[in-house]
Amino acid sequence: MSLHDLTALEQAAAIKSGDTTSVELAEHYLRRSESVPGAYVKLTPELALEQARAADEAVAQGRAEGELFGVVCPVKDLFFMAGANARMGSAAFDFPSYADDNVVQAMRAAGLVFTGKTNTPEFGLPCYTEPDPEVAPPARCVWDERRTAGGSSGGAAVAVAAGLAPIAHGSDGGGSVRIPASANGLVGIKPSRGRISNGPLRDPVGDLVNSGPLARTVADAAALLDVMSGPFPGDPYFAPPPSTSFLTAARTPVRRLRVGFFTDPIIADVPVDPESTTAVERVVTMLTDLGHTVEPTPRPFGPEMMSQFEVLWHVLALLTPVAPDDEPRLQPLTRHLRDLGRDVSGIALATAVSMLRIQTRAALAQWAAFDVILTPTVNGPAPLVEDILDREDPARDFELQKKWAAWTAAFNMTGQPAINLPLHWTDAGLPVGVQFIGHMFAEELLVSLAAELEQAHPWADRKPSQW
């Protein structure tokens, strides 16, 4: 068994017991990461080895604390990490990081080792990961390189799925953790709004974006969520802490639940891929076999609400500062979205925020009797790149994205926690995830249910050729 065959929690235990060292792990992952294009924008070997040596010294002195101490975990390149520039997928952006974002600070304090910055599309706007070629090669699905890896946390997903890191930091503003988790066969968690700090610079209007973990196992994802979570001074709001920890929840039997499910797309009226329907039907059977009560329920709202989301998305596209002379260097989709953002009036923006809050209250009331909701994560397996990317027609490009990512953004609007689980695979060996959505701040329940399903229907032994 190689080091990368161990889970993140197993690696941390091996470091503490002396069976391996953080330096050995970092060196192992750095070597592997040179062989798979598209996962990383930049490797940071000097920083990683400095952190790993410090972790090993702490272990020797009996100062190692935390479930993931000394374990490798790369940072998504939309975030500032001291020791590496932030490119954000853009030829127009190369910003020195003099300090960590709050979530990165929390990860550093927990003894995680940063082997690099993972790949992302320009400013994290699309649900594929095709950055400017000047920045990095594209991230492609580890199960079929003709297909997208999803986005915008596509590099993070490839890093974990290809065995270049045991866990990875991602972020999710419209599905950007859950979509690549589905495409690559991983666990991906979008936590409740306020669970993880967006500070000190990332509290944009609409509050759509959360950091979240990507991992091969539920327990690893839960442990990383524990590390990431918690308030920082100045946060406008924050989630109440879990009763114990999310990792404890992953090791705690779940009570019998009432689960609602639907497959009707939320953000686009499109035919549902049969694989996504099959995925939900299979999981309904799994849940029933485990003793849960499963019932159909209507979708909370339909594509009519997407116009409000798009107002926020267009404005978000503008919030990354770009010098006027650099605007022509941006990708066609980015320029398109920024142009639309310039046309948004103050009253239109205020109306969008207000309407989303009103609709959120209605959705939460509609589902109050259910413990969790089950939907597809995306509309079928990861699409071929040419079936979702259109640089000549960015408006068409955005519509193609909506047809694939037809469920996830709804729960960035409501702020509810959601998790992707790789519980269905096509005959061709492609993963198609399902999404569970919980009540606000109910990540513990989602994690416990996910761990029960993982135990009954394990997936971690599936590995791509790059492994």
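**Strand pairing and helix packing in the predicted model**

Strand 1 and strand 3 are paired in the antiparallel sense, with three bridges between them. The structure described here is a predicted model. Within this pairing, Lys42 lies opposite Lys117 of strand 3. Both strands belong to an open sheet of three strands, in which the order is 1-3-2 and the pairing is mixed. Strand 1 (40-43) and strand 2 (75-76) form the edges of this sheet, as each of them pairs on one side only. In general, the strands of a sheet pair through backbone hydrogen bonds, and the pairing is either parallel or antiparallel.

The side chain of Lys117 makes a polar contact of 2.7 Å with the side chain of Asp77. When residues up to four places away in sequence are not counted, Lys117 touches Tyr40, Val41 and Lys42, then Val75, Lys76, Asp77, Phe79 and Met81, and also Ala84, Asn85 and Ala86.

Strand 4 (residues 167-172) pairs with strand 6 in the antiparallel sense over six bridges. In this pairing, Ser171 has Ser211 of strand 6 as its bridge partner. Strand 5 (residues 187-190) also runs antiparallel to strand 6 and is joined to it by two bridges. Here Gly188 has Leu214 of strand 6 as its bridge partner.

Helix packing was described for one pair. Two packed helices are described by the angle between their axes and the distance between the axes. For helix 10 (residues 306-319) and helix 11 (residues 332-342), the packing angle is about 110 degrees and the axes are 7 Å apart. Helix 10 and helix 11 are therefore roughly perpendicular to each other, since angles of 65 to 115 degrees count as such. Helix 10 contributes Trp313, His314, Val315, Ala317 and Leu318 to the contact, and helix 11 contributes Leu337, Arg338, Leu340, Gly341 and Arg342. By class, six residues in the contact of helix 10 with helix 11 are nonpolar, two are polar and two are charged.

How values were computed
Residues are numbered from 1 along each chain as its sequence is written. This is a predicted model: local features need pLDDT of at least 70, side-chain atom pairs count only at pLDDT 80 or more; totals for chains, interfaces and linings use all residues. Side-chain values use heavy atoms; hydrogens and water are left out. A polar contact is a pair of N or O atoms within 3.5 Å; within protein, one must be able to donate a hydrogen and the other to accept it, and residues adjacent in sequence count only if both atoms are side-chain atoms. Contact means heavy atoms within 4.5 Å. Axes are lines fitted to C-alpha atoms, for helices over the stretch in contact, and angles run from 0 to 180 degrees between N-to-C directions. Helices (H or I, at least four residues) and strands (E, at least two) are DSSP runs, numbered from the N terminus. Angles under 35 degrees count as roughly parallel, over 145 as roughly antiparallel, 65 to 115 as roughly perpendicular and the rest as oblique. Ala, Val, Leu, Ile, Met, Phe, Trp, Tyr, Cys and Pro count as nonpolar, Asp, Glu, Lys and Arg as charged, and the others, Gly among them, as polar. Two strands pair if DSSP finds at least two bridges between them.
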